[in-house]
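Dear colleague,

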Amino acid sequence: MAPPTPAPPPGAPGYGRLVLGIAGFVLVGVPLLAFVWEGLNRLLSGTIHARLLVAALIALALLVPLWRFLARTVVRWDARRHGLAPDELPTRRQP
């Protein structure tokens with residue numbers, strides 16, 4: 001029999017908030033990713049339209065920071081669920 005799961009510490013986001021946060025990222029990220037994908041698909045097929053290419057590059061410029069923000073947010077959520085203080089959050093590895 002598995003041991004009971006401990007309750008999350010106070011201030012940790014509930015599952016409802018996690019689901020809404022993830023849904024928000026998906027609602028914003030999927031259309032951006034689809035637009036970048038379509039632009040890359042058209043570019044590789046040889047059908048080059050300047051407007052579409054510029055728009056896909058702009059979408060990519062928006063998508064990359066969104067992914068970085070999502071990654072940091074998930075790390076913060078995980079740290080809060082495990083009761084870590086803000087100064088105990090994982091940081092970037094130094095090369």
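The largest nonpolar core in this predicted model has 8 residues, namely Leu-18, Phe-25, Leu-32, Val-36, Ala-59, Leu-63, Leu-66 and Trp-77, where a nonpolar core is a set of buried Ala, Val, Leu, Ile, Met, Phe, Trp, Tyr and Cys residues joined through side-chain atoms within 4.5 Å, and buried means under 20% relative accessible area, exposed over 50% and partly exposed in between (1.4 Å probe, protein chains only). At least two residues of this core come from each of α1 (15-45) and α2 (50-81), helices being DSSP runs of H or I of at least four residues, numbered from the N terminus. Leaving aside residues up to four places away in sequence, Phe-25 touches Leu-66, Phe-69, Leu-70, Thr-73 and Trp-77, with contact taken as heavy atoms within 4.5 Å.

The largest cavity is lined by Gly-39, Arg-42, Leu-43, Thr-47, Ile-48, His-49, Leu-52 and Leu-53; a cavity is a set of points on a 1 Å grid over the protein atoms alone where a 1.4 Å probe fits but cannot get out, and lining residues have an atom within 4 Å of a point. The largest share of this lining, 3 residues, is supplied by α1.

Val-54 lies in helix α2 and is partly exposed, with a relative accessible area of 47%.

Residues are numbered from 1 along each chain as its sequence is written, and side-chain values use heavy atoms, with hydrogens and water left out. Local features need pLDDT of at least 70 and side-chain atom pairs count only at pLDDT 80 or more, whereas totals for chains, interfaces and linings use all residues.

With best wishes

Methods: On a 1 Å grid over the protein atoms alone, a cavity is a set of points where a 1.4 Å probe fits but cannot get out, and a pocket is an open set with protein on both sides within 12 Å along at least five of seven lines; lining residues have an atom within 4 Å of a point.
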